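Subject: Structure handover and notes

Hello,

Below is the structure to look through.

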Amino acid sequence: MQRQLLDPVGKLPVAGVVRRLCGVQAQVASSAELAVRVRRQTSRPGEVSRALSEGRIIRTWAMRGTLHLLTPDEGGAFLSLIASGRSWERPSWQKYFGVTPKQLDALREVVREALDGKALTREELIAAVIARRGYGHLGEALREGWGTLLKPYAWQGDLCFGPSRGNRVTFVRPEDASSRWAGLPEPDEAAAIVIVAYLRAYGPATVENFRNWLTRGRVSARQIRTWFGALGDRLAEVEVDGERRQVLATDLEDLASAKPTRAVRLLPGFDQYVLGPGTEDSHVIPAARRRAVSMQSGWISPVVVAGGIVKGTWNRAGDELRVGWFKEAGVPPRSQINAEVERLSAILGRSLRAAIRLA
């Protein structure tokens with residue numbers, strides 16, 4: 001909870017929060033902003049958008065193929081590891097899109113050239129692509145809502161999201177999105193950066209925790225174990241409920257001296273507190289309650305975290321904040337929940353009242 005800037009609530013700026021969390025999932029913009037603001041003692045509406053416009057953070061497809069906020073100086077390291085899996089070269093990908101790895105490499109140059117010094121909407125980028133001989137058949141695939149055919153270029157550092165043009169997104173080159181863009185290091189170099197950052201935020205963790213968080217299988221477990229092994233004595237092993245997990249050796253003292261948290265926090269949907277270790281990690285989400293948090297179509301519910309464990313979910317209906325407290329978690333800590341609802345009221349700029357029920 002301390003490493004997650006939740007107990008105590010942190011003082012880092014927006015980019016500092018994004019860096020600490022190894023990125024913030026941004027499929028839902030309002031959830032991403034709330035994930036940042038609940039971790040800051042003082043915050044202002046629109047501060048994430050301002051950080052984007054000033055190039056202190058960027059927005060791109062990253063972990064697990066989902067949209068994320070990343071810092072431009074470290075973001076390339078995360079993308080480098082994802083790209084190293086080269087998932088777009090799998091036969092299933094080629095069959096679905098009707099495009100070969102050779103054609104994708106050629107298309108990459110078309111995309112890079114089209115975005116050179118420009119911000120293009122998706123339709124403008126598609127028009128530039130299908131105007132080239134041999135690429136006309138890709139128009140429909142490029143219009144597909146999830147942007148799957150464009151993701152390899154995001155992972156290779158060729159594009160990211162630029163400033164919206166009305167209600168339409170634009171794409172730009174990362175170096176045009178931020179003067180702080182540091183490019184993509186080689187995967188072996190990137191692995192040391194990313195694993196250290198991940199364990200600092202989410203350790204103790206397993207190799208499988210890390211793999212699920214990063215790519216959901218797009219990079220082999222063998223490769224990830226090799227990267228972990230290369231860190232040598234920078235890592236230490238601890239046992240959690242009989243399971244061996246990795247931490248940074250420099251964090252052992254802090255881990256040993258950590259005291260149980262009693263903090264109650266209301267976290268937004270798609271929060272890194274549950275996405276970092278993964279919804280399968282029963283130390284964070286009780287196994288019997290996983291479906292209450294990880295729902296259909298990839299939706300991740302807003303959660304109530306008490307004592308470091310997810311003990312309920314919540315949603316908003318007008319000015320009523322409805323808390324579904326898991327009945328097996330004991331008596332709801334009403335005063336702490338009410339205090340947290342009051343804090344959310346100040347963040348959101350509207351008066352909310354709590355309605356607590358057992359779920």
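A residue is called buried under 20% relative accessible area, exposed over 50%, and partly exposed in between, using a 1.4 Å probe and protein chains only. This is a predicted model, in which local features need pLDDT of at least 70 and side-chain atom pairs count only at pLDDT 80 or more, while totals for chains, interfaces and linings use all residues. Residues are numbered from 1 along each chain as its sequence is written, and side-chain values use heavy atoms, with hydrogens and water left out.

Salt bridges

A salt bridge here is a side-chain nitrogen of Lys or Arg within 4 Å of a carboxyl oxygen of Asp or Glu. The whole structure contains 23 salt bridges.

Arg-86 pairs with Glu-89, with 2.6 Å from N to O. Arg-86 counts as partly exposed because its relative accessibility is 30%. Glu-89, at 33%, is partly exposed as well.

Arg-56 and Glu-54 form another salt bridge, and their closest N and O atoms are 2.6 Å apart. Arg-56 is partly exposed at 27% relative accessibility, and Glu-54 is partly exposed at 46%.

A further salt bridge joins Arg-108 to Asp-158 (2.6 Å, N to O). This pair links distant parts of the chain, 50 residues apart: Arg-108 is in helix 6 (residues 101–114), and Asp-158 is in the loop between helix 9 (151–155) and strand 5 (160–161). Helices (H or I, at least four residues) and strands (E, at least two) are DSSP runs, numbered from the N terminus. Are the two partners buried or partly exposed? Arg-108 is partly exposed, with a relative accessible area of 23%, whereas Asp-158 is buried at 0%.

Arg-3, Asp-251 and Asp-254 are connected in a network of salt bridges.

Two strands pair if DSSP finds at least two bridges between them. An open sheet is formed by 5 strands in the order 9-10-11-12-13, with mixed pairing. Strand 9 (264–267) and strand 13 (353–358) are the edge strands, each pairing on one side only. On average, neighbouring strands of the sheet are turned by 25° against each other, direction ignored. Axes are lines fitted to C-alpha atoms, for helices over the stretch in contact, and angles run from 0 to 180 degrees between N-to-C directions.

Strand 9 and strand 10 run antiparallel and are joined by 4 bridges; Val-264 is opposite Ala-306 in strand 10. Strand 10 and strand 11 are also antiparallel, again with 4 bridges, and Ala-306 stands opposite Ile-309 in strand 11. The hairpin of strand 10 and strand 11 has 2 residues between the strands, and Gly-307 there takes a positive phi near 60°. Strand 11 (residues 309–317) is joined to strand 12 (residues 320–325) by 6 bridges, and the two run antiparallel. Ala-317 is opposite Glu-320 in strand 12.

In a regular strand the side chains alternate between the two faces of the sheet. In strand 10 (residues 303–306), Val-303 and Val-305 point one way, Val-304 and Ala-306 the other way, and all are buried.

Helix 17

Helix 17 (residues 334–348) lies across strand 9, strand 11, strand 12 and strand 13, at about 40° to strand 9. Its buried residues are Ile-337, Glu-340, Val-341, Leu-344, Ser-345 and Ile-347. They are on the same side of helix 17 because they cover an arc of only 160° around the axis, the arc being that of the directions from the helix axis to the C-beta atoms. On the other side, Ser-335, Glu-342 and Ala-346 are exposed. The cover over the buried residues of helix 17 includes helix 2 (29–37), strand 9, strand 11, strand 12 and strand 13, where contact means heavy atoms within 4.5 Å. Gly-349 follows helix 17 and has a positive phi, near 70°.

Helix 12

In helix 12 (residues 207–214), 6 of the 8 residues are buried. Those residues are Asn-209, Phe-210, Arg-211, Asn-212, Trp-213 and Leu-214. They pack against helix 4 (75–84), helix 11 (187–202), helix 13 (221–230), strand 8 and helix 15 (272–275).

Regards
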